[in-house]
Amino acid sequence: REDTQSPEQSAGDAAGDPQEWLDVLGNGLLKKKTLVAGQGVDSRPQKGQDVTIRLKATLEDGTVVEEEPALTFTLGDCDVLQALDLCVQLMEMGEKALIVSEAKYCYGAQGRSPDIPPNASLTLEVELLAAQDAPDLELLSGKEKIQLANRKRERGNFFYQQADYVLAINSYDIALRIVGSSSKVDFSPDEEAELLDVKVKCLNNLAASQLKLDHFKAALKSCNLVLEHQPENIKALFRKGKVLAQQGEYREAIPILKAALKLEPSNKTIHAELSKLVKKHADQRNVETEMYRKMLGNPSAAGTPRKCKDKLPWSIPWKWLFGATAIALGGVALSVVIAARN
């Protein structure tokens, strides 16, 4: 049914009736039906917890495309399909549910090669097995922190490929928060280097996503953070040049792209971008030159001085000259009167 209530209110109302479909978002694109009731509303997992589910996903024709006996993910971090992330937080512990989702909340227009075609709806059979608080980041070993950050980064890459740049940014931000979190555990030099590598990759991908959304200030900041650690990082130099170019700062962008091209002379993408910027910069300078010429009163393209037939450009109008003469004569007459009185 089409609900007019919020998803939380609707879920609470529907919990007692296993046969009722819940329109999770109110748009008819994501629906959930309880097959086996769980342990009550108080047993629902919270965002940020690690949940474990049993999952079976099928296409509309009944083809099974995924089966997971124990899939664990962080609820609310977009680690899995949006359909799961949105619906599992409405499930009770031990509950079995059927979820029917349009492609928008699954694999979208790209699908998943080779088994899920583009724009495919999915039916998900889900059972909530467990929920527990996520591990304390301060207590993670270097290897555990690297694995967790890489998992979030790879999820961001998935969203980037799906052209969902907002969710990609969300995943990269989570990965960076993990990498940058304080730790009570000592890391080896190799682990420190690997964490830095993960950080640089996340910042570069973050800049690419921000650039796609025209968030130029944020993208420039991400590029600069990379260059603080790796001044010759080609991706960061290239994207910084693109950001500056998008803002019309061609003079600043061109040397940066030249530096990137010097590091990788065979890169055709940098070549093409640099050539385009050089042309735009030349056009910009021509426009500015023409504007200054008009401002200075010389719109002629040839730049030759004009001949003055009637008067010189510095000649004083006769009315001004007459007025000045009258004032001078008046001053003389007044001087004579004052002298006579004295």
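# Chatting through a predicted model

Me: Hi! Which residues does the UniProt annotation "repeat: TPR" cover?
Reply: Hello! According to the unreviewed UniProt entry, "repeat: TPR" covers residues 234–267. Keep in mind that the model we are looking at is predicted.

Me: How much helix and how much strand is in residues 234–267?
Reply: That span is 79% helix and 0% strand. Its end C-alpha atoms lie 10 Å apart.

Me: Where is the pLDDT below 50?
Reply: One such stretch is residues 318–322, which has 1 contact in the model beyond near neighbours in sequence. Residues 336–340 are also below 50, and there the count of such contacts is 0.

Me: How should I treat places like that?
Reply: Where pLDDT is low, the predicted coordinates should not be read in detail.

Me: Good to know. New topic: how many aromatic pairs are there?
Reply: The count comes to 3 aromatic pairs. One of them is Y107 with F158.

Me: Why is the pair of Y107 and F158 called edge-to-face?
Reply: The planes of their rings are at 90 degrees, and over 60 counts as edge-to-face. The ring centres are 6.1 Å apart.

Me: And where do Y107 and F158 sit in the chain?
Reply: Y107 is in the loop between β5 (96–101) and β6 (122–133), while F158 belongs to helix α3 (residues 142–161).

Me: What about Y160 and Y165, how are their rings arranged?
Reply: Their ring centres are 5.2 Å apart, with the planes at 65 degrees, so that pair is edge-to-face too.

Me: Is Y160 buried or partly exposed?
Reply: Y160 is partly exposed, at a relative accessible area of 27%. Y165, at 18%, counts as buried because the cut-off for buried is under 20%.

Me: Last topic, cysteines. How many disulfides does a search of the whole structure find?
Reply: The search finds 0 disulfides.

Me: And what is the relative accessibility of C78?
Reply: C78 has 11% relative accessibility, so it counts as buried. C223 counts as buried as well, at 1%.

Conventions: Residues numbered from 1 in each chain as written. Predicted model: local features only at pLDDT ≥ 70, side-chain atom pairs only at ≥ 80, totals over all residues. Heavy atoms only, no water. pLDDT = per-residue confidence, 0-100. Contact = heavy atoms within 4.5 Å. UniProt positions renumbered as here; feature names shortened; annotations may be inferred. Helix = DSSP H or I, 4+ residues; strand = E, 2+ residues; numbered from the N terminus. Phe/Tyr/Trp six-rings, centres within 6.5 Å; stacked < 30°, edge-to-face > 60°. Buried < 20%, exposed > 50% of the residue type's maximum accessible area, 1.4 Å probe, protein only. Disulfide = S-S within 2.5 Å.
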